[in-house]
Amino acid sequence: MRFRDISGQDSITATVVNAMLETSNVLNNAEFYSIIGNADYTRKSASATGGRFRELNSDYPANQVDPQFANPTLTIFGDKVEVDRAHERRGSDIPSVRSSELLSFAKNLGKEFQNYFFNGDKAVDAKHFNGLKKIVVGNQKITPAADGIQVLLGNTNAAKESQQKFLENLDVLIQSVDGGAQAISMDGKTLSRLTRIAEGQVQWDVDEFGVPLPRYNRIPILVAGYNKSGGLILPHNEVCGNSVNCTSIYGYRFGEKSDLSFATNIGAEVKDLGLVGVHYTHSVDLDLDLVLLNAKSASRLEGIIIP
């Protein structure tokens with residue numbers, strides 16, 4: 001289910017959900033599934049492999065498999081919005097002020113959700129859920145060169161070679177996702193370089209909010225953007241070998257209780273708590289965990305340098 005569908009349908013929740021979706025293109029594409037309690041024991045994608053020949057009157061060799069399970073544990077993401085009742089005494093239209101502040105908060109909450117989708121790390125803070133940077137491992141993490149690769153502008157042989165290597169690795173990223181990536185995410189600077197070197201392969205559309213939506217060979221590019229503090233969600237300061245000015249690109253495929261999915265209970269819960277102490281208070285809570293139910297449903301291309 002989508003975030004809008006699994007969350008409450010009352011007007012105040014709908015307002016918060018729509019504002020979050022407006023500032024988080026990942027959330028707008030994510031799939032959720034409902035669980036009961038604070039944890040779940042969910043079967044991962046089947047891992048059985050085979051395909052052999054046998055002689056007449058002989059059996060196939062043993063091919064036993066052990067089902068694998070994920071154990072999502074819900075974390076609580078949200079916050080409170082508090083407006084001092086003193087503003088009412090000083091002539092402010094409190095309902096209007098509260099509505100405006102809640103809307104602004106929800107938009108920043110969407111940005112912060114997007115940040116944790118990529119950068120969440122329980123080792124840094126146990127209250128977080130692990131993001132893609134943490135859960136994409138093994139062969140799904142693609143490093144094109146020990147010290148990364150530069151993607152140069154221009155028509156020199158060196159520039160052309162760097163551009164071809166970049167596009168080749170971008171295609172590898174997409175195809176390393178089972179069924180092909182449903183979406184890819186990069187930062188705006190990397191997208192700008194991609195549009196310069198592969199104009200014919202980048203198309204433009206608009207999403208439901210009227211925001212330009214680029215596509216690479218028809219695959220949506222969900223630009224990671226900025227967190228609530230204005231910092232790049234996918235910065236250009238990652239370390240790859242001896243290089244310290246790298247960034248990453250992610251490819252992924254969402255599914256409802258399959259592939260890459262969010263476990264939750266009821267989606268977003270928005271409450272008007274009224275006057276609490278000296279503050280008119282709204283609370284927003286979302287219980288969730290990001291679950292990779294198929295290891296090949298997300299990939300990371302690291303070591304990209306945009307000089």
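Is Asn 57 buried or exposed? Select Asn 57 to begin: this residue counts as exposed, at 78% relative accessibility (buried means under 20% relative accessible area, exposed over 50%, and partly exposed in between, with a 1.4 Å probe and protein chains only). The model on display is predicted, so local features need pLDDT of at least 70 and side-chain atom pairs count only at pLDDT 80 or more, while totals for chains, interfaces and linings use all residues. Residues are numbered from 1 along each chain as its sequence is written, and side-chain values use heavy atoms, with hydrogens and water left out.

**Two residues with positive phi**

Asn 57 lies in the loop between strand E2 (42-43) and strand E3 (69-70); helices (H or I, at least four residues) and strands (E, at least two) are DSSP runs, numbered from the N terminus. Although Asn 57 is not a glycine, its phi is positive, at about 65 degrees.

Select Asp 259 next, in the loop between strand E12 (243-252) and strand E13 (260-276). Asp 259 is likewise not a glycine and has a positive phi, of about 55 degrees. Asp 259 counts as buried, its relative accessibility being 16%.

**The nonpolar cores**

Now display Phe 3, Phe 117, Phe 118, Leu 132, Tyr 252, Leu 260 and Phe 262, which touch the most other members of the largest nonpolar core, a set of 43 residues. Such a core is a set of buried Ala, Val, Leu, Ile, Met, Phe, Trp, Tyr and Cys residues joined through side-chain atoms within 4.5 Å. Helix H5 gives the largest share of this core, seven residues. Apart from it lies another core, of 24 residues, including Ile 174, Ile 197, Tyr 216 and Ile 219.

Centre the view on Phe 117. Neighbours within four places in sequence aside, its contacts (heavy atoms within 4.5 Å) include Val 26, Phe 129, Gly 131 and Leu 290.

**Glu 31**

Move to Glu 31, in the loop between H3 and strand E1 (32-34). Glu 31 counts as buried, at 17% relative accessibility. A polar atom of the Glu 31 side chain lies 3.1 Å from the backbone nitrogen of Met 1. Beyond four places in sequence, Glu 31 is in contact with Met 1, Arg 2, Phe 254, Gly 255, Glu 256, Ser 261 and Phe 262.

**Helix H7**

Select residues 157-175, helix H7, where Ala 159 is found. Ala 159 is buried, with a relative accessible area of 0%. Not counting residues up to four places away in sequence, Ala 159 touches Leu 152, Leu 153 and Gly 154.

Asn 169 is also found in helix H7, and at 15% relative accessibility it counts as buried. From Asn 169 to Glu 302 the C-alpha distance is 9.9 Å, although 133 residues separate them in sequence. Leaving aside neighbours within four places in sequence, Asn 169 is in contact with Ile 142, Pro 144, Ile 149 and Leu 301.

**The largest pocket**

Finish with Asn 25, Asp 207, Val 211, Leu 222 and Val 223, which lie nearest the centre of the largest pocket among its 28 lining residues. On a 1 Å grid over the protein atoms alone, a pocket is an open set of points where a 1.4 Å probe fits, with protein on both sides within 12 Å along at least five of seven lines, and lining residues have an atom within 4 Å of a point. Strand E9 (212-216) is one of the elements that give two or more residues to the lining, and E9 provides the largest share, four residues.

Key
Polar contact = N/O pair within 3.5 Å; in protein donor to acceptor, adjacent residues only side chain to side chain.
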